[in-house]
Amino acid sequence: MEERVTSLPACVADSNGVSASHLTTDFCDDATMKKLTRSLTRTVIAAVLFFGILTVVEIHWTATIVPCAGCAQQSSEFSDAQSASHQTFFQRASSYRIVDAARNVGINKTTERNITTAHEIYQYGEIEDELTLRFKERKRMMHKVCADEINSTAKLKPVNHWEFLINHKFKLMWCSIFKSASSSWFDYFLTIAGKDPHVKKNSDVELARKTAYPRPSLDELLFYLNDPSYTSFVIIREPFERILSSYQDKITNHKLKFYQNARCRMAKERRHSRKCYPSFPQFVDFIVQEHAEGKRLDEHWMPYTHFCSLCQVNYTYVLKFEYLQEEQNYLVNHVPGLEKFELLHEHASRRDYSSLVREHYSQLTREQLDSLVNVYRDDFLISGHSWLKYYDFIQ
């Protein structure tokens, strides 16, 4: 080794392992210095490339293991935009109780089958996470609509405390939007209050108000709405489907004598011994006229944005009628003690509602539809539904 090194010029020998103290330009000609410079340059470039590759590999490896902050929220927003896949995914939960993974509550005994494997329990936890994100995003959207779209005068109105039910045992509050699973939930509130909803001389609403749930005062309601230990919720529905449901249940059902006078007013006939049969367009005209005259609409077709003060009350949960099964199961499993009571959807319709919607709304003129949209505009905006499809039905 000594002989190989000493046979080279000093500067070249240094580049092959000799101490840098021996490197002086006195012993090197120009050609040798150029060779040495090129050698050092190649060495530096190689080192930079080597450590650069290592850094890229490390970053890629870390990204595949550590999730980015906010990725779950971004994924949820993307999922919400894909409405078809969004709905299909949650149909998996529709026939089961939701597992309360956060509190480690076991599978509810009222499920249609036992869930035993770790994989199935994980799936239920995954669905619950998606539902939690869904509720959060829905509230965020509603708050934005209330701030940007709803008339400021309407937002200044006091909270409509008249329609709330408060159960103090389970610390549960509900604003009852009629024709949005209200019959089922009135029965449920009677059940958890120890009352039999099937033994009633009057309606379930009257039975609930007279025996268990007197209408709260505004001060009482605001007190419990500000109590974080209480859970508040409301169920909203596609506005025009709700109106059609009201028409079929209250107007075409002549067994309900309470609405006989209203039917004749809609049909613009005097009430005698015979019955009145208003058409759906006549029902729509009646709603539009009553609204234009500033009259209070019937609770079954009153716009719910103001009926349940959706822009004044920060509800814990806002449920949607079209996702009712999984969302009300989620709610029941997040209020301690409610899982002991069975919740049924009493008036679940088996009819093809899409065909009924087209059949009835195709009877309207464009002017009638414009006027009706004006009445329920806030409900459409706050629920996230669109009225545009109804213009495809009219001629």
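**Cross-links and ring contacts**

Mentor: At 22% relative accessibility, C311 counts as partly exposed. This is a predicted model, and we may begin with the disulfides.

Trainee: How many disulfides does a search of the whole structure find?

Mentor: A disulfide is a covalent bond between the sulfur atoms of two cysteines. One of those found here is formed by C146 and C311, with sulfur atoms 2.0 Å apart. A search of the whole structure gives a total of three.

Trainee: How far apart in sequence are the parts that the pair of C146 and C311 ties together?

Mentor: C146 belongs to helix α6, residues 118-148. C311 is found in the loop between α14 and β4. The pair therefore ties together parts whose separation in sequence is 165 residues.

Trainee: Is C146 buried or exposed?

Mentor: The cut-off for buried is under 20% relative accessible area. C146 has a relative accessibility of 7%, so this cysteine counts as buried.

Trainee: Which hand does the link of C146 and C311 have?

Mentor: The sulfur atoms of C146 and C311 are 2.0 Å apart. The angle about their S-S bond is -85°, and the link is left-handed.

Trainee: Is the disulfide of C175 and C308 left-handed or right-handed?

Mentor: C175 and C308 have their sulfur atoms 1.9 Å apart and form a disulfide. The torsion about their S-S bond is about -90°, so the disulfide is left-handed.

Trainee: Where in the chain does C308 lie?

Mentor: C175 and C308 are both buried. Their pair links distant parts of the chain, 133 residues apart. C175 is in strand β2, residues 172-175, while C308 is in the loop between α14 and β4.

Trainee: Is the disulfide of C264 and C276 left-handed or right-handed?

Mentor: The sulfur atoms of C264 and C276 are 1.9 Å apart, and both cysteines are buried. About their S-S bond the torsion is about 90°, so the disulfide is right-handed.

Trainee: How many residues apart are C264 and C276?

Mentor: C264 is in helix α12, residues 260-267. C276 is in the loop between α12 and α13 (280-292).

Trainee: Turning to the rings, how many aromatic pairs does the structure hold?

Mentor: A pair of aromatic rings is described by the distance of the centres and the angle of the planes. The total of aromatic pairs in the structure is 31.

Trainee: Are the rings of F164 and Y315 stacked or edge-to-face?

Mentor: Their centres are 6.1 Å apart, and their planes meet at 10°. Planes under 30 degrees apart count as stacked. The pair of F164 and Y315 is therefore stacked.

Trainee: In which strand does F164 lie?

Mentor: F164 and Y315 are both buried. Y315 is in the loop between α14 (304-307) and β4 (317-320), and the pair ties together parts 151 residues apart in sequence. F164 lies in strand β1.

Trainee: Are the rings of Y317 and Y330 stacked or edge-to-face?

Mentor: Y317 is buried at a relative accessible area of 13%, and Y330 is buried at 3%. The ring centres are 5.8 Å apart with the planes at 80°, so the pair is edge-to-face.

Trainee: Which residue has its charged end over the ring of Y353?

Mentor: The cut-off for a charge over a ring is within 6 Å of the ring centre. At 5.5 Å from the centre of the Y353 ring sits the charged end of R237.

Methods:
Residues numbered from 1 in each chain as written. Predicted model: local features only at pLDDT ≥ 70, side-chain atom pairs only at ≥ 80, totals over all residues. Heavy atoms only, no water. Phe/Tyr/Trp six-rings, centres within 6.5 Å; stacked < 30°, edge-to-face > 60°. Helix = DSSP H or I, 4+ residues; strand = E, 2+ residues; numbered from the N terminus. Buried < 20%, exposed > 50% of the residue type's maximum accessible area, 1.4 Å probe, protein only. Lys NZ or Arg CZ within 6 Å of the ring centre and 35° of its normal. Disulfide = S-S within 2.5 Å.
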